[in-house]
Amino acid sequence: MTARETTKGHGLGLMKTLILGLAGLFYAYAVWNAVAYLVSVAQYGLNAYGWFVLLFSVLFPILVFAAAYALGRRRQAVEFALVLLAGLTLVAVFWMNVVALSTLNFSSLTG
C-alpha cells in the first residue's frame, strides 16, 4: 500500500474550496433575498399557506446547497462546480415561482 492509499479524509483542495465559497455566496444571497421578501410581505399579514411558502423559500436554498455539496464533494472540481450551478439554477427557478405566486395571488397569501 502506498501512503496515498492509507490516508483518509483528504480535504477538499484549494480549487474546490474556492468554488464552494463562491457558490456559497450566491446561495447565501438567495437566502438573504428570501428573508427580506418574507419580512416585507409579512407586514401585510399572512395566512398559514403564505407563511409556509415564504418560510420554505428561505429554507430551500439551504437544503439545495447541502444536497449539492453532498452530491459533488467527491467529484472533480469542474463536476463539483456544475453540481453547485445546477442547484443554484433550481433555487432560481423556485424563487421565480414563489415571486410569481405571491404577486399573482397576493390576496390568497394574506389573511
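A nonpolar core is taken here as a set of buried Ala, Val, Leu, Ile, Met, Phe, Trp, Tyr and Cys residues joined through side-chain atoms within 4.5 Å, where buried means under 20% relative accessible area, exposed over 50% and partly exposed in between (1.4 Å probe, protein chains only). The model is predicted, so that local features need pLDDT of at least 70 and side-chain atom pairs count only at pLDDT 80 or more, while totals for chains, interfaces and linings use all residues. Residues are numbered from 1 along each chain as its sequence is written, and side-chain values use heavy atoms, with hydrogens and water left out.

The largest nonpolar core comprises eleven residues, namely Ile19, Leu20, Ala23, Tyr27, Ala30, Phe60, Val64, Ala68, Phe80, Leu84 and Val91. At least two residues of this core come from each of α2, α3 and α4 (77-104), helices being DSSP runs of H or I with at least four residues, numbered from the N terminus. The greatest contribution to this core, five residues, is that of α2. Apart from this core lies another, of ten residues, including Val31, Ala34, Val53 and Val98. Leu84 is in contact (heavy atoms within 4.5 Å) with Ile19, Leu20, Ala23, Tyr27, Phe65, Ala68 and Tyr69, when residues up to four places away in sequence are not counted.

Helix α2 consists of 29 residues and reaches 41 Å from its first C-alpha to its last, close to the 42 Å expected at 1.5 Å a residue; the expected span is 1.5 Å times one less than the number of residues. Among the buried residues of α2 are Lys16, Val31, Leu38 and Val41. Leu38, located in α2 (residues 14-42), has a relative accessible area of 11% and is therefore buried. With neighbours within four places in sequence left aside, Leu38 contacts Leu46, Trp51, Leu54, Leu55 and Val58. The C-alpha atoms of Leu38 and Leu54 are 5.9 Å apart, although 16 residues separate the two in sequence.

Helix α3 (residues 48-72) contains Ser57, which counts as buried because its relative accessibility is 2%. Beyond residues up to four places away in sequence, Ser57 touches Ala34, Phe94, Trp95 and Val98. Tyr49 also lies in α3, but its relative accessibility of 45% means that Tyr49 counts as partly exposed.
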